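Subject: Structure handover

Hi,

Here is the structure I promised to pass on. Please open it alongside this note.

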Amino acid sequence: MAQAQGLGTRYIKAFFKGFFVAVPVTVTFLDRVACVARVEGVSMQPSLNPGGRQASDVVLLNHWSIRNYDVQRGDIVSLV
């Protein structure tokens with residue numbers, strides 16, 4: 001019985017260690033490198049949401065290129 005309780009607490013400690021490492025790494029990645037966004041509406045037609053669909057498109061926003069000033073003609077830029 002005592003061994004089972006020790007096993008459970010070991011798994012809980014391992015989970016929280018992983019959680020407290022994974023969350024800051026994920027937040028930093030989404031803030032500095034790239035994030036996923038949903039494009040809805042007709043503002044970007046015909047490039048995104050072609051044909052007047054009601055469904056939304058999912059895009060990857062690359063923060064890294066903006067930080068390095070690697071924007072070229074024809075790129076789609078998202079502003080907040």
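Below is what was found in it, from the overall fold down to single residues.

**Ground rules**
This is a predicted model: local features need pLDDT of at least 70, side-chain atom pairs count only at pLDDT 80 or more, and totals for chains, interfaces and linings use all residues. Residues are numbered from 1 along each chain as its sequence is written, and side-chain values use heavy atoms, with hydrogens and water left out.

**Overall layout**
The protein has 2 helices and 2 strands. These are DSSP runs numbered from the N terminus, with helices (H or I) of at least four residues and strands (E) of at least two. Along the sequence the pattern reads α-β-β-α.

Of the 80 residues, 9% count as buried. Buried means under 20% relative accessible area, exposed means over 50%, and partly exposed is in between (1.4 Å probe, protein chains only). The protein exposes about 7200 Å², and carbon and sulfur atoms supply 63% of that area. Accessible areas come from the Shrake-Rupley method with a 1.4 Å probe; for residues, only the protein chains shown count as cover.

Now the contacts, meaning heavy atoms within 4.5 Å. Take those between residues at least 6 apart in sequence: 46% join residues at least 24 apart.

**Helix H1 and its end**
Helix H1 covers residues 2-32. A nonpolar surface patch is formed by Ile 12, Phe 15, Phe 16, Phe 19, Phe 20, Val 23 and Val 27. Together they have about 700 Å² of accessible area. Patch residues have over 30% relative accessible area and no salt bridge; like charges are joined within 9 Å, and nonpolar side chains (Val, Leu, Ile, Met, Phe, Trp, Tyr) within 5 Å. Val 27 sits in helix H1 and counts as exposed, at 52% relative accessibility.

The structure holds 1 salt bridge. That term needs a side-chain nitrogen of Lys or Arg within 4 Å of a carboxyl oxygen of Asp or Glu. The pair is Arg 32 and Asp 31, with the closest N and O atoms 3.8 Å apart. Arg 32 is partly exposed at 42%. Asp 31 is partly exposed at 44%.

**Strand S2**
Two residues here are worth a look. Asp 57 lies in strand S2. Is Asp 57 buried or exposed? Asp 57 is buried, with a relative accessible area of 18%. Leaving out residues up to four places away in sequence, Asp 57 touches Ala 37, Arg 38, Val 39, Leu 48, Asn 49 and Pro 50.

Val 58 is also in strand S2. Val 58 is exposed, at 61%. With the sequence limit of up to four places again left out, Val 58 touches Val 36 and Ala 37. Val 58 and Leu 48 are 10 residues apart in sequence, and their C-alpha atoms are 9.1 Å apart.

**Helix H2**
Ile 66 is found in helix H2. Ile 66 counts as partly exposed, at 47% relative accessibility. Ile 66 and Val 33 are 33 residues apart along the chain, with 9.7 Å between their C-alpha atoms.

**The largest pocket**
The largest pocket has a volume of about 580 Å³. A pocket is an open set of points on a 1 Å grid over the protein atoms alone, where a 1.4 Å probe fits, with protein on both sides within 12 Å along at least five of seven lines; lining residues have an atom within 4 Å of a point. Grid points are joined across faces, edges and corners, and the volume is the space filled by probe spheres set on the points.

The lining has 21 residues. Leu 61, Asn 62, Ile 76, Val 77 and Ser 78 lie nearest the pocket centre. Strand S1 (34-39), strand S2 (57-62) and helix H2 (63-67) each supply at least two lining residues.

Best wishes
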